[in-house]
Amino acid sequence: MPDKKLSVEEINALVNQGDYVPDKEQYGVIEDWRGHAEEELLKRGLRGDCDDFAIAKAQLLLKHGYDPEKIRLVTAVTPQGEGHMVTAYDDGNDTKILDLHANPYSASKAQYRFISSMRASAPGAWKKFTNG
């Protein structure tokens, strides 16, 4: 674990300093989940799309000692009908959404239709939302 545990807000702000670049532009494919977000962030600054930002936030939350049961990657559909991914963190009082270029906010205020989620404690075990 790092010397200083960053807050959820600090992790969100750190990752959100990255540059949004669609996978098609960066890798020549529509979607590319490389799982290298944290290393890229530390080497040269994160460049990626929403899933790269979400994965980096989840990786950093884990690295800073946050409970993997409380961290989720969440797929969603935006009001414009586009696919999206965010990180969700349950702080015990509320589920906070860590979104691309936004401060953490309550999941109850999200404008997305949530589709599925995967807890950091259960990699690969995606579960559908009943409202999706």
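Analyst: A residue is called buried when its relative accessible area is under 20%, exposed when over 50%, and partly exposed in between, with a 1.4 Å probe and protein chains only. By this rule, buried residues make up 44% of the 132 residues in the chain. The model is predicted, and local features need pLDDT of at least 70, side-chain atom pairs count only at pLDDT 80 or more, and totals for chains, interfaces and linings use all residues. Residues are numbered from 1 along each chain as its sequence is written, and side-chain values use heavy atoms, with hydrogens and water left out.

User: Which helices and strands does the chain contain, and how many are there?

Analyst: The chain holds four helices and eight strands, where helices (H or I, at least four residues) and strands (E, at least two) are DSSP runs numbered from the N terminus. Read from that terminus, the elements follow the order α-β-α-α-β-α-β-β-β-β-β-β.

User: What makes the order of strands in the open sheet, and what is the sense of the pairing?

Analyst: Two strands pair if DSSP finds at least two bridges between them. Six strands form an open sheet in the order β6-β5-β4-β3-β7-β8, with antiparallel pairing. β6 and β8 (127-128) stand at the edges, each with a single partner strand, so one side of each lacks a neighbour in the sheet.

User: How many bridges join β3 to β4, and which residue of β4 stands opposite Ile-71?

Analyst: Seven bridges join strand β3 (residues 71-77) to β4, and the two run antiparallel. Opposite Ile-71 stands Tyr-89 of β4. The hairpin of β3 and β4 has five residues between the strands, and Gly-81 there takes a positive phi near 85°.

User: Why do β4 and β5 count as paired?

Analyst: The criterion is at least two bridges found by DSSP. Tyr-89 stands opposite Lys-96 in β5, and Ala-88 has Ile-97 of β5 as its bridge partner. In their hairpin, with four residues between the strands, Gly-92 takes a positive phi near 100°.

User: What joins β5 to β6, and which residue in β6 is the bridge partner of Lys-96?

Analyst: Two bridges join β5 to strand β6 (residues 105-106), again antiparallel. The partner of Lys-96 in β6 is Ser-106. Six residues lie between the strands of this hairpin, where His-101 takes a positive phi near 55°.

User: What joins β7 to β8?

Analyst: Strand β7 (residues 113-119) is joined to β8 by two bridges and runs antiparallel to it. Ser-116 stands opposite Lys-128 in β8.

User: Why is β4 called mostly covered?

Analyst: Six of the eight residues of β4 are buried.

User: How do you know on which side of α1 the buried residues lie?

Analyst: In helix α1 (residues 8-15), Val-8, Ile-11, Asn-12 and Val-15 are buried. They cover an arc of only 100° around the axis, which puts them on the same side of α1; the arc is that of the directions from the helix axis to the C-beta atoms.

User: What makes Ser-121 buried, exposed or partly exposed?

Analyst: Ser-121 sits in the loop between β7 and β8. With a relative accessible area of 33%, Ser-121 is partly exposed. Ser-121 and Arg-72 are 49 residues apart in sequence and 8.6 Å apart in space, C-alpha to C-alpha.

User: How many cavities are counted, and which residues line the largest cavity?

Analyst: A cavity is a set of points, on a 1 Å grid over the protein atoms alone, where a 1.4 Å probe fits but cannot get out, and lining residues have an atom within 4 Å of a point. The count comes to one cavity of 30 Å³ or more. The largest cavity has a volume of about 40 Å³, a volume being the space filled by probe spheres set on the points. Its lining consists of Cys-50, Phe-53, Ala-54, Lys-57, Met-85, Val-86, Thr-87, Leu-98, Asp-99 and Leu-100. The elements giving two or more residues to this lining are α4 (50-63) and β4, and α4 gives the most, with four residues. By class, the lining has seven nonpolar, one polar and two charged residues.

Methods
1 Å grid on protein atoms, 1.4 Å probe; cavity = no way out; pocket = protein on both sides within 12 Å on 5 of 7 lines; lining within 4 Å. Nonpolar A, V, L, I, M, F, W, Y, C, P; charged D, E, K, R; others polar.
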